[in-house]
Amino acid sequence: MSETPTGAVERPLLLLVDDDMLLLGLLSKILQRGGYDVRLASSADMALDLLAQSTREPDLALLDIAMPGMDGIALAEKLRAEYALPVMFLSASDEALTVERAAAAGAVGYLVKPIDAPRIGPSVTAALARAGELRRLRDSEERLSTALKTGRETGMAVGVLMERYRLDRSAAFHMLRERARSTQRKLNDVAAELLLAAETLNLPLPERNGKK
């Protein structure tokens, strides 16, 4: 759960997609009683329309696999690509091939129909926890990638200054840092600008006093 701007606790939001309207209604009641907000769609197209019009993205999508038109696995792939939305599958099939396809589509949970009502809540809780773990891992990897890229660009810019002005590494880094401070910009932005200047013959490199 998260907090709204007013400090109220925001209930997890689930998107339920199934062409079986009776099951959709039953799942909705069970999950709402369990503390979830729910959005319902009876087809993949309807689910995509709901997402396009919504101001809040769901925390988890529960998808039937066998649906007319776009099936649940194709929908899951689209949701992952366009919304990074975690999915849990509901299916009457427990065949290995179907389960493998679901896993390949990024499923964080899988329930076999007919669904045992007492299992729904714990299964959704586990799926949300798994989705949270994957999100934190992805965020950590993105931060690491950004840090590595930043480090590479800064290191290359320091090397350019060392070569240009015959400086040692410490003095070149100090020059780059002072340039960033004097222009009130991020160190990596200044480094990227310097590298672009070095690669473009008609752009001058920064002078030693930090001016171009």
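Predicted model: local features only at pLDDT ≥ 70, side-chain atom pairs only at ≥ 80, totals over all residues.

Student: What makes Leu63 count as buried?

Tutor: Buried means under 20% relative accessible area. Leu63 comes out at 0%, so it counts as buried.

Student: How far is Leu63 from Ala107, in sequence and in space?

Tutor: Along the sequence they are 44 residues apart, while their C-alpha atoms sit 9.9 Å from each other.

Student: Next, Asp64. Where is it, and what does UniProt list for it?

Tutor: Asp64 belongs to strand S5, residues 60-64. The UniProt record, an unreviewed entry, lists Asp64 under "modified residue: 4-aspartylphosphate". Such annotations may be inferred rather than shown by experiment.

Student: What is said about the phi of Ala84?

Tutor: Its phi is positive, about 50 degrees, although Ala84 is not a glycine. Ala84 lies in the loop that runs between helix H3 (72-83) and strand S6 (87-91).

Student: Why is Ala84 called partly exposed?

Tutor: Buried stops at 20% and exposed means over 50%, with partly exposed in between. Ala84 has a relative accessible area of 44%, so it is partly exposed.

Student: And why is Gln184 called exposed?

Tutor: Exposed means over 50%. Gln184 has 75%, so exposed it is. Gln184 also has a positive phi, about 55 degrees, without being a glycine. Its place is the loop between H6 and H7.

Student: How do those two helices, H6 and H7, pack?

Tutor: Helix H6 (residues 169-183) and helix H7 (residues 187-199) pack at about 110 degrees, and their axes are 9 Å apart. That angle makes H6 roughly perpendicular to H7, because 65 to 115 degrees is the range for that label. Their crossing is right-handed.

Student: Which residues meet there?

Tutor: From H6, you have Phe173, Leu176, Arg177, Arg179, Ala180 and Thr183; from H7, Leu187, Val190, Ala191, Glu193 and Leu194. Sorted by type, the residues of this contact are seven nonpolar, one polar and three charged.

Student: Let's zoom out. How many helices and strands does the protein have?

Tutor: Seven helices and seven strands. Along the sequence, the pattern reads β-β-β-α-β-α-β-α-β-α-β-α-α-α.

Student: How much of the protein counts as buried?

Tutor: Of its 212 residues, 37% do. As for contacts with a separation of 6 or more, 54% are between residues 24 or more positions apart.

Technical notes:
Residues numbered from 1 in each chain as written. Heavy atoms only, no water. Axes fitted to C-alpha atoms, helices over the stretch in contact; angles between N-to-C directions. Helix = DSSP H or I, 4+ residues; strand = E, 2+ residues; numbered from the N terminus. Parallel < 35°, antiparallel > 145°, perpendicular 65-115°, else oblique. Left-handed = near helix turned anticlockwise from the far one by under 90°. Contact = heavy atoms within 4.5 Å. Nonpolar A, V, L, I, M, F, W, Y, C, P; charged D, E, K, R; others polar. Buried < 20%, exposed > 50% of the residue type's maximum accessible area, 1.4 Å probe, protein only.
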